[in-house]
Amino acid sequence: MSYCFVQRGSDVSLRCDVPLMSKSSTLHWEKDGEQSPNSTLMYNNSAYIILHTVDERSEGNYYCRLMENGRVQTVRIHTVNVTSYSQNKIHTIYRQSGNNSDVSLIFKSKKIYHRLRWTWEQSPKSQIDLIAVEKGIEVQIKGPIEPGRNSSTTYTGQFFIFHISPVNFNYNGTYRCITETSTYTTTILRTIRVSVEPPDGVLRNQSVVLTCEVSEVNDSVTLVWLRMEGNRGVLVKQQTMTEKNNMLRLTVNLASNETDPLHWQCAVFTENTLRALAPITISRTSSNTNAPTESSTVTDQEETMTKDSHLQIKITVACVVTVSVLILLGLLVFKCQRKTDGGHVTGLKSQDDEDIHYASLTVAGSSHGADRCIKRNHQSSEDSNSAVIYSAIKVQ
């Protein structure tokens, strides 16, 4: 059994070795009798596990178990103890750049400090303030890196978390927590990024280039490309980087017949300690002839099904809207036709019909004669209708 005391907020890497292992054997880490949620890497008859940003929940016993021929054997027990305070401590952490990556910079002290600030120095003599807090006063954001969702919103004088998420590749550098008197704690961040060419998918007979890059090296770092078979890593290529290297990257050129393993990881080692794992998946794409090819992952299949479903929904909605518009237009034409027909019957006269008006007028005068009936045509404002007016004039 081994013990270690680690600083709160730092990373811890555990390792156990087995001299001989068959291909059917497995080696993994458990915590307090349950398999650890942290991913375990099997490589060169060793099992590795990385605990990120440890705190009180990380404390306990970690068991390295070997499963072989149905039997379970405990190879190693490692006890982790986490110190509550991090005063005058310096630690280095590695993070893969990406939207799902994060960093928690933690300040915790026995003593009360009324003010503190987190600074970032990406290169020598380039220190800038990121955030400043004062007890009982609102947090002041000053730098280009916005606090993440898990950052503290208030400062009690003894505890504060500056959370960064996502982590960009250019966020590497030195982060310091400075109180009103001195530097309390220092965190050195090194970032890693992996990429695949071509990035938008690979044809079955197409070659691939994998690249793993580290942002900065102080002493020496070893980059290792592993082809993953479950949680077992098979060495493909490795290279040790130092400060003298101009390009801190490791590339692997895969021929078309070597791209069938879709899951790869870039492992970062300092001496014999695993510091980070950066996974990447090679995605399949269809050929130019639209011949069907197998999907590289279940996620790709689900995305294709989702796109087809969306297209079917759009087509259905368009058909329903078109039919509805045609029905409405038909009803509108029918209604207008009914109004036109009704007006002809009740309100308007045809050319054969005439409006007949009678008027009777008695005229007193010296002339005597028979009654005369006079007929006069009257043209209305509508040319299609004519009216006949009969006037009876009686002369007395």
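Student: Which residues touch the most other members of the largest nonpolar core?

Tutor: A nonpolar core is a set of buried Ala, Val, Leu, Ile, Met, Phe, Trp, Tyr and Cys residues joined through side-chain atoms within 4.5 Å. Buried means under 20% relative accessible area, exposed over 50%, and partly exposed in between (1.4 Å probe, protein chains only). Here the largest core has 26 residues, and L210, L223, W225 and I282 touch the most other members. This is a predicted model, where local features need pLDDT of at least 70, side-chain atom pairs count only at pLDDT 80 or more, and totals for chains, interfaces and linings use all residues. Residues are numbered from 1 along each chain as its sequence is written, and side-chain values use heavy atoms, without hydrogens and water.

Student: Which element gives the most to this core?

Tutor: Strands (E, at least two residues) and helices (H or I, at least four) are DSSP runs, numbered from the N terminus. The strand β17 gives the most, with 4 residues. Another core, of 23 residues, lies apart and includes L105 and W118.

Student: What is the phi of K125, and is K125 buried or exposed?

Tutor: K125 has a positive phi of about 60 degrees, although it is not a glycine. K125 counts as exposed because its relative accessibility is 84%.
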